Amino acid sequence: MSLWETIIDKLQTAYPDIIEISDLIQASEESIETIQHGIQKLKQQGFPIVISGNQLTLDFPLLSKEELNKNLQTQELANEITVFDSIDSTNTYAKTHLSSIPHGSVFLAHEQVQGKGRLGRTWSSPAGKSMSISLVLKPSEILPDASLLTQLTAAALTKALEDEVSVQIKWPNDVLINKMKIAGILTEAEFSAGKLQGIIIGIGINTNLEKTDFSKELQHKATSLREQLGEKIDPNHLLTRFLSYFEKYYKNFIENNSTETFLSICKEHSILIGRKLWIHSNDTKRKALIRTIDSSGSLVVTYLDTKQTEKIISTNVSIRDENGYI
Ligand code: BTN
């Protein structure tokens with residue numbers, strides 16, 4: 001274990017209690033100076049470490065394999081959990097090692113330094129304050145339609161949050177509170193010689209970020225659960241709830257080809273349906289009335305210029321209001 005990992009692991013295990021610097025000296029066999037330097041670096045990185053003399057604690061809990069294993073009730077998901085302190089991207093990791101990763105494995109990171117978003121965008125995952133999750137699926141049956149997994153994920157996350165806060169879904173992959181983004185989903189399917197090798201569902205959730213953690217241009221478009229709920233979030237509880245819902249909808253999807261439950265959640269929570277919005281695709285933009293999400297998960301829209309009704313299946317589009325988001 002690196003010094004970084006030792007410090008985070010000890011703090012997380014003790015949470016909400018404090019630990020002494022002497023505990024870290026014992027665990028790492030490093031000098032007090034090296035440890036103090038390590039703690040300062042972690043703090044600068046953004047980890048929520050509170051220091052008082054020779055004692056330290058966490059301001060809020062971090063993702064932890066032990067905490068997750070205490071409460072997880074899933075059968076086929078999360079039998080293998082890996083938590084990285086810092087990584088380029090959990091999706092990139094899962095993609096690179098896909099052939100040796102068992103179905104249902106979960107990869108988590110306290111920090112991503114090259115997080116990937118949809119449409120080639122970057123995704124910011126500041127240390128300790130956001131959740132970066134990649135879930136690897138290797139279905140034994142032929143999947144009815146892998147692209148629907150993004151909406152299944154959005155529905156599972158909505159259900160996991162619904163008891164605490166009212167959530168909207170921006171088809172197909174954004175989860176919002178008060179019209180501001182709190183989570184994004186990036187589903188990647190890997191094929192080799194025409195055969196599906198696996199699907200990686202990447203989910204980024206803004207859990208404990210504060211307003212100032214967002215860049216200026218994101219401050220009115222993105223938010224965190226902490227900001228919206230007015231309290232610090234335990235990412236382990238949220239992930240446990242999310243995985244239970246995900247497993248339920250996924251089983252029903254694979255075994256019975258059933259999309260009804262999760263697509264109804266996406267429809268009920270849709271922030272798009274019934275509105276006139278701009279559909280951006282490549283270099284063009286057209287205004288359309290967003291009618292519904294049909295049983296295949298497509299967005300049904302009527303363009304205002306031609307009055308034609310079309311189904312949008314490509315996720316290579318962005319849907320925006322006059323102000324550029326929603
Ligand atoms: C989006 O809204 O554009 C999708 C964002 C997806 C971010 C997650 S964080 C975990 C996983 N690893 C990545 O590099 N991206 C996804």
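This is a predicted model: local features need pLDDT of at least 70, side-chain atom pairs count only at pLDDT 80 or more; totals for chains, interfaces and linings use all residues.
Tutor: Local features here need pLDDT of at least 70 and side-chain atom pairs pLDDT 80 or more, whereas totals for chains, interfaces and linings use all residues. Residues are numbered from 1 along each chain as its sequence is written, and side-chain values use heavy atoms, with hydrogens and water left out.

Student: Why is S64 called buried?

Tutor: Buried means under 20% relative accessible area, exposed over 50% and partly exposed in between, with a 1.4 Å probe and protein chains only; S64 has 7%, so it is buried.

Student: What makes the approach of the S64 side chain to the backbone nitrogen of E67 a polar contact?

Tutor: A polar contact is a pair of N or O atoms within 3.5 Å, where within protein one must be able to donate a hydrogen and the other to accept it, and residues adjacent in sequence count only if both atoms are side-chain atoms. The side chain of S64 reaches that nitrogen of E67 at 3.0 Å, so the distance falls within the 3.5 Å limit.

Student: Which residues is S64 in contact with, leaving aside neighbours within four places in sequence?

Tutor: Those are Q12 and N236, where contact means heavy atoms within 4.5 Å.

Student: How are the lining residues of the largest pocket divided?

Tutor: There are 15 nonpolar, 17 polar and nine charged; Ala, Val, Leu, Ile, Met, Phe, Trp, Tyr, Cys and Pro count as nonpolar, Asp, Glu, Lys and Arg as charged, and the others, Gly among them, as polar.

Student: And how does the lining of the second largest pocket divide?

Tutor: That lining has nine nonpolar, ten polar and two charged residues.
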